[in-house]
Amino acid sequence: MNKQDYNTPIREQVLALPKIVDQQLESCFDGEKLQGLMSMAEIFDVRKLFVVGCGDSWVAGGAMQPVLNKYCDCFGCTVMDPMQFTRFTSKQDIGIGEPNSPLVIGISAGGGTARVVEAMKKANEIGAFSLLLTQKPDSRAAKAAKRVFSLETPLGPKDSPGLKNYFGSLMGLIAIACRMGHVRGVLPPTAVEDFKKAISGYVHSYEAVLEQMDEQMFQLAKTWKDFEHFDFIGDGTEIYSAIFGLEKFYECTGVLSNYDDSEDWCHIDFFCKNPEKIGTVFMVDVNQPTTSRVIETISAAVGIGRPTLVVTNGKKEQFPEGAAVVELPAAPEGYEWLMPLMDYVPVSL
């Protein structure tokens, strides 16, 4: 089989990430652009954060929630479905009271998502500060938001299903966290350059392994191509990378897919019949406190005959024999939270 005969737009987007990362960094960390999003006074006003989005955009918020919590110096960041935000969360629950707070960050690459438009309008009406991350600054959602962060991700004519858009949304959220952390004194004056160096180095580190990953996933796909059911498992922040993988499987193949954490999987999905026909993917950050439990769960999956793939920043030797393991480059020390910026690469391939 010739791999090029099975080339796809999503594969092309994966291979393009190291090529576009520095341009994306310059766009998202542009000092003038970030200062125009919120003044220093407005940033100091923010007491709570809400991030809303649909599909990949909601996942991006979840993947970067720890970064926002770590650096924004607020009373927590809540990632919420737009319908939950607009229809089921009251003004009192949101915590209106101070000017420019909470900050409600909407994410919509195309800017036409009706529920995100509605969320921006509600934020304005109740006195919150609405900010939209998008690729289309003249879109409906952009017109509804108080401020617009134009991500300017380098897109091509065949970038669907979206993967570069997801990469851009992740980067935009990191830039917001860096800007707020710098202004509020959580991060040093060198933060912007430190972040850019760490991110660029991490994404470029994939250049040395992308070809190997691509071939490994192509060979695995030969044995998984007839499966009609897939499970994606992740703990902590990695559950969002698992969901992103699930979403791409839906969009690219239309097959039945499910996601769960490692503990719940053992109580429910373990019992699915015909285990030998269910592709099972584990997204594993070995720095998470649940690593030992994840390894037990992988052993259970392999033990019942599940075809199993482990995507991890650990080493193959840490995981049970019988599981296919993709070893990811390690994120720079102090920036371990960068893992979700690229860990979806093997599953997307």
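Glu152 lies in the loop between E5 and H9. The model is a predicted one. Glu152 is not a glycine, yet its phi is positive, near 55 degrees. With a relative accessibility of 45%, Glu152 counts as partly exposed, because that class covers values between 20% and 50%.

The loop between E5 and helix H9 (164-183) also holds Pro161. Ser160 and Pro161 are joined by a cis peptide bond. Omega of this bond is about 0 degrees.

Strand E5 spans residues 147-150 and includes Ser150. Ser150 has a relative accessibility of 16% and is therefore buried, since the cut-off for that class is under 20%. Its contacts were examined with neighbours within four places in sequence left aside. On that basis, Ser150 touches Ser27, Lys33, Thr134 and Pro137.

A cis peptide bond also links Ser101 and Pro102. Here too, omega is about 0 degrees. Pro102 is placed in the loop that runs between helix H6 (91-94) and strand E3 (103-107).

A positive phi is also found at Asp73, which is not a glycine. The angle is about 60 degrees. Asp73 sits in the loop between helix H4 (56-71) and strand E2 (77-80). Its relative accessible area is 40%, so Asp73 is partly exposed.

Attention now turns to the sheet. Five strands make up an open sheet, ordered E7-E6-E8-E9-E10. Their pairing is parallel. In general, strands of a sheet pair through backbone hydrogen bonds. Strand E7 (256-260) and strand E10 (324-327) form the edges. Each of these edge strands pairs on one side only. From one strand to the next, the twist averages 15 degrees.

Within the sheet, strand E8 covers residues 278-284 and strand E9 covers residues 308-312. The two run parallel and are joined by five bridges. Val281 has Leu309 in E9 as its bridge partner.

Helices pack on this sheet as well. Helix H11, residues 210-224, touches strand E6 (229-234), E8, E9 and E10. The direction of H11 makes about 160 degrees with that of E10. Helix H14, residues 291-303, lies across E8 and E9. H14 runs at about 165 degrees to E8.

How values were computed. Residues numbered from 1 in each chain as written. Predicted model: local features only at pLDDT ≥ 70, side-chain atom pairs only at ≥ 80, totals over all residues. Heavy atoms only, no water. Pairing = 2+ DSSP bridges. Helix = DSSP H or I, 4+ residues; strand = E, 2+ residues; numbered from the N terminus. Axes fitted to C-alpha atoms, helices over the stretch in contact; angles between N-to-C directions. Contact = heavy atoms within 4.5 Å. Buried < 20%, exposed > 50% of the residue type's maximum accessible area, 1.4 Å probe, protein only.
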